[in-house]
Amino acid sequence: FVLSLFWCTISFGQSYKSADIIQKADSIMMATVGERIFKDYFHYDSSSYYEFRRFFGKTNWETLTDFKKTKGKFKNVSVRYSFCLNKYHIYCLGTSVQLDSALNQTGSIATHFIPDFVLNNTKCNLIDDTTALKIAKAKFTRQGIKPISVGLSYDHNKKLYIWSANN
């Protein structure tokens, strides 16, 4: 009985090595954005997760790198990546590669936030933080409680980078 239960558990579903899943997702990301952009701007996000079904049918999720191999009957995975400009203290933006139970890509990969200067490998065409601060100082008419601070962020609705200023 124990042997048959063990055999059923092993043969119940597909299991993958986490490293193989990440390698597959990396190759899809590289094909999408190019090797230079992938290596210079993208980083694996450890919050990547996969969905699986346990032996008795309950669906669960696990972080991809918590274990060397996936558990249960593998259903799908979301391999997440952070896109980091490394300029002006802007936070990193996220995207993901979605794979089904056979590790085939499902859906598209969001890349609309990659600026043209990164895509074209040209000089950054964003104004710098000093210029943004100078413009903000000219626009504020009253003294604030704290000194004026500026920050660069990405507006997902307008699909562009925006400097904001606070005082």
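User: When do two strands count as paired, and how many bridges join strand 4 to strand 5?
Analyst: Two strands pair if DSSP finds at least two bridges between them. In this predicted model, strand 4 and strand 5 run antiparallel, and arginine 80 stands opposite serine 96 of strand 5. The number of bridges that join strand 4 to strand 5 is 7.

User: In strand 6, which residue is the bridge partner of glutamine 98?
Analyst: Strand 5 and strand 6, the latter made up of residues 105-106, run antiparallel and are joined by 2 bridges. Their hairpin has 5 residues between the strands, and there leucine 103 takes a positive phi near 60 degrees. Within strand 6, the residue that bridges to glutamine 98 is threonine 106.

User: Why is the disulfide of cysteine 84 and cysteine 92 given a handedness, and which one?
Analyst: The sulfur atoms of cysteine 84 and cysteine 92 lie 1.9 Å apart, which is within the 2.5 Å that a disulfide requires. The torsion about their S-S bond is about 115 degrees, so the disulfide is right-handed.

User: Is cysteine 84 buried or exposed?
Analyst: Buried means under 20% relative accessible area, whereas cysteine 92, at 37%, counts as partly exposed. Cysteine 84 has a relative accessible area of 7%, and is therefore buried.

User: What separates the C-alpha atoms of tyrosine 88 and leucine 152?
Analyst: Tyrosine 88 sits in the loop between strand 4 (73-83) and strand 5 (93-99). Leaving aside neighbours within four places in sequence, the contacts of tyrosine 88 include Leu126, Leu152 and Trp163. Although tyrosine 88 and leucine 152 are 64 residues apart along the chain, their C-alpha atoms are separated by 6.7 Å.

How values were computed:
Residues numbered from 1 in each chain as written. Predicted model: local features only at pLDDT ≥ 70, side-chain atom pairs only at ≥ 80, totals over all residues. Heavy atoms only, no water. Buried < 20%, exposed > 50% of the residue type's maximum accessible area, 1.4 Å probe, protein only. Helix = DSSP H or I, 4+ residues; strand = E, 2+ residues; numbered from the N terminus. Contact = heavy atoms within 4.5 Å.
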